[in-house]
Amino acid sequence: MIKTTVAQVLVAKETQGESPGWSCLGCGVLCLMEDESIHSCFLRLYCVKHAKLLWEEELYIPFKYNATRTFFHTFPADGQQVGLNFANETEAEEFHLAVEAVQRNQEEMTRMIEITKAEGEDSSTSDPHDSGIEPLDHLDGEPHFPMDAPSTTVTPATSSDPAMRRLLMQARLTKEDLRDKDIAEAVDCIINRFGGLKAVQRELWNIGTHTPHHAGKRRLLTGTMRGSCRPRNTRDRPVCMTNCPTLIVTVGLPARGKTYISKKLTRYLNWIGVPTKEFNVGQYRRECLKIYKSFEFFRSDNEEGLKIRRQCAMAALNDVRQYLSVEGGQVAVFDATNTTRERRGTIVKFAEQNGFKVFFVESVCEDPDVIAQNIVQVKLGSPDYIHCNTEEAIEDFMERIKCYESSYQPLDEVLDRDLSYIKIMDVGRRYLVNRVLDHIQSRIVYYLMNIHITPRSIYLCRHGESDLNIKGRIGGDSGLSARGKEFAKSLRKFIQDQNIKDLKVWTSQMKRTIQTAECLGVPYEQWKSLNEIDAGVCEEMMYEEIQEHYPLEFALRDQDKYRYRYPKGESYEDLVQRLEPVMMELERQENVLVVCHQAVMRCLLAYFLDKTADELPYLKCPLHTVLKLTPMAYGCKVESVYLGVDSVNTHRDRPEV
């Protein structure tokens, strides 16, 4: 947050036959703020009473902010004039100075571009043709920018065109970025892909008419940067940026846990904030065929079956391209057998053409008991066998596996030494990892080496009711109330009745969870990572007090509860990052009871139930209730057990829009 004040936002109106005037858009708290997620500054107007965002405007280049009148400032925005009417002269002047400071930063960026331009011109005199960029074919016949003539190529960093400079500013490119050859080539590629600068500007405008002004620009500029870029003299090999999207490709025979891995991995990556989506080719095949007849469809000599399966795989890959290149996804999981080297080669070529990294995950299992268990637990419930009895389904599926075995070519340490992959053998007894290239791939490997399929249950509950809970105050480190101590005794009886083998008990380092665990009469571990979300300056306050003393903060939290960070405190997004080591250790363990807090329990529950960031902060985790989570093949079974001890209700519903 850079600056806040109370103001009225007005929009100029020109009705035919009437004198020009102003119409009021709204009155409330006007904020000049930086959105760190996209590195851009905004003017935003919030209605405190209804906790609602009324209006916003990005301070993009060029942004002409006029303060010609004492109380009334104006600027053009999205084709119309906007006015800001302030409460007093001092507030208006301070706000004007804050906006000017932001504008100076933007002007400094423009100055750096001009310096880069001069440096580029100096270097080009020695070898005017060696620019490092080779123009691509035009898409719509427009002159390729920034070419002045077909024989002259100019890098985006050295362009003096104002429109080009604005485009670079919107991409938030620094002076150092513009000097980088790969980035210069990427920008040039973007302009070519959309058919010239005018086409890019049209695309920005089209996106802006359907999405928030800044979001569309950001998606176009950053999304296309991750796409296919062709450097000079290497037309058939695109440049893959360091942060380009990742395509995870499963490999293995049927009933080897590929879909189990795909779903768990997708859930984990989304939970830690990496946009990920699974593409199951089997589902594409079911939508295409509608009715499954028998394993004969998968025979290697079934030409029609091969054709349909190939078409389904390509349809899934097209959707992968759409998700990673257009929709802003970062990771796609391509869930299929991919048992032949030819099929994997096709996928690698597809990824190279689109500027994606590829990481293979192969599951190899020769244990007949594990395979049989997987068939019974998962495959018999498949839509393919909905009308079959158990024996017929098992027999058909075993024949289906044989159809793949004849052509199966596992990943080979020698033949596939240039590929990035992890090979998981016998459900995690051994691993083989090859050529891990980046942070995302290392996270994937780390996660896959920690999960297991041993049957177990995880018990989640909050501490007993605390003294601050009774007073309606958040945070703090108070002890248990009388009812909280009664719950702790009931929890002990519940755990004893469950007769759980080798149960481990984890708590936070706060009094109320420790006092709850003390009553259990069993050893327990304290985790600092399990401490409640830090409410910063709002610790031990009531919600009514926060609304009274910090009305803007109260409104902002209701706008985006997951990403909102308390002043000098934490957000739910911060909390998820803090809890990742706990979650990883939970995946390694078997039976565990976690005695924690409301926000912490919401984060843990969201992981197991695959809830979105929008849903997470509003999950109901009542006091004196135990949630028993039993991981299943493709999800998690949840049982809620209320232990019969009254308590206050600390849940706050999502505010109505």
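Reader: Which cut-off decides that Trp-55 and Phe-75 are buried?

Author: Buried means under 20% relative accessible area. The model is predicted. In it, Trp-55 and Phe-75 both count as buried. The cut-off is under 20%.

Reader: How many aromatic pairs are there?

Author: Rings pair if their centres lie within 6.5 Å. By this rule, the count is 16 aromatic pairs.

Reader: Why is the pair of Trp-55 and Phe-75 tilted?

Author: A pair of rings is described by the distance of the centres and the angle of the planes. Here the centres are 6.3 Å apart. Planes under 30 degrees apart count as stacked, over 60 as edge-to-face, and the rest as tilted. The planes of Trp-55 and Phe-75 stand at 40°, so the pair is tilted.

Reader: Where do Trp-55 and Phe-75 lie, and how many residues apart are they?

Author: Trp-55 is in strand β4, residues 52–58. Phe-75 is in strand β5, residues 72–77. The pair links distant parts of the chain, with a separation of 20 residues.

Reader: What is the geometry of the pair Trp-271 and Tyr-607?

Author: The ring centres are 5.4 Å apart. Over 60 degrees counts as edge-to-face. The planes of Trp-271 and Tyr-607 are at 65°, so the pair is edge-to-face.

Reader: Which parts does the pair Trp-271 and Tyr-607 tie together, and how many residues apart are they in sequence?

Author: Trp-271 lies in helix α7. Tyr-607 lies in helix α20, residues 598–609. Both residues are buried. The pair therefore ties helix α7 to helix α20, at a sequence separation of 336 residues.

Reader: Is Leu-253 buried or exposed?

Author: Leu-253 sits in the loop between β7 (246–251) and α7 (258–271). Its relative accessibility is 6%. Buried means under 20%, so Leu-253 is buried.

Reader: How many residues in sequence, and what distance in space, lie between Leu-253 and Ile-401?

Author: Beyond four places in sequence, Leu-253 has contacts that include Ile-401, Tyr-404 and Tyr-408. Leu-253 and Ile-401 are 148 residues apart in sequence. From C-alpha to C-alpha, the distance is 6.6 Å.

Reader: Which residues form one aromatic cluster with Tyr-404?

Author: Tyr-404 is also one of the contacts of Leu-253. The cluster holds Tyr-404 together with Tyr-292, Phe-297, Phe-298, Tyr-385 and Phe-397.

Reader: What distance separates Arg-652 from the ring centre of Tyr-543?

Author: A charge over a ring needs CZ of Arg within 6 Å of the ring centre. Arg-44 lies over the face of Phe-42, at 4.5 Å. Arg-652 lies over the face of Tyr-543, and there the distance is 5.3 Å.

Reader: Which backbone oxygen lies 3.1 Å from a polar side-chain atom of Asn-591?

Author: Asn-591 is in the loop between α19 (572–588) and β16 (592–596). Its relative accessible area is 13%, so Asn-591 is buried. Among its contacts beyond four places in sequence are Arg-456, Lys-501 and Asp-502. The oxygen at 3.1 Å is that of Lys-501.

Reader: Which residue in β6 is the bridge partner of Val-9?

Author: Strand β1 (residues 3–13) runs antiparallel to β2 (residues 21–35), joined by 11 bridges. There, Val-6 stands opposite Val-29. β1 also pairs with β6 (residues 80–86) in the antiparallel sense, over five bridges. In β6, the partner of Val-9 is Leu-84.

Note on methods. Residues are numbered from 1 along each chain as its sequence is written. This is a predicted model: local features need pLDDT of at least 70, side-chain atom pairs count only at pLDDT 80 or more; totals for chains, interfaces and linings use all residues. Side-chain values use heavy atoms; hydrogens and water are left out. Helices (H or I, at least four residues) and strands (E, at least two) are DSSP runs, numbered from the N terminus. Buried means under 20% relative accessible area, exposed over 50%, partly exposed in between (1.4 Å probe, protein chains only). Contact means heavy atoms within 4.5 Å. Rings of Phe, Tyr and Trp (its six-membered ring) pair if their centres lie within 6.5 Å; planes under 30 degrees apart count as stacked, over 60 as edge-to-face and the rest as tilted. A charge sits over a ring if NZ of Lys or CZ of Arg is within 6 Å of the ring centre and within 35 degrees of the ring normal. A polar contact is a pair of N or O atoms within 3.5 Å; within protein, one must be able to donate a hydrogen and the other to accept it, and residues adjacent in sequence count only if both atoms are side-chain atoms. Two strands pair if DSSP finds at least two bridges between them.
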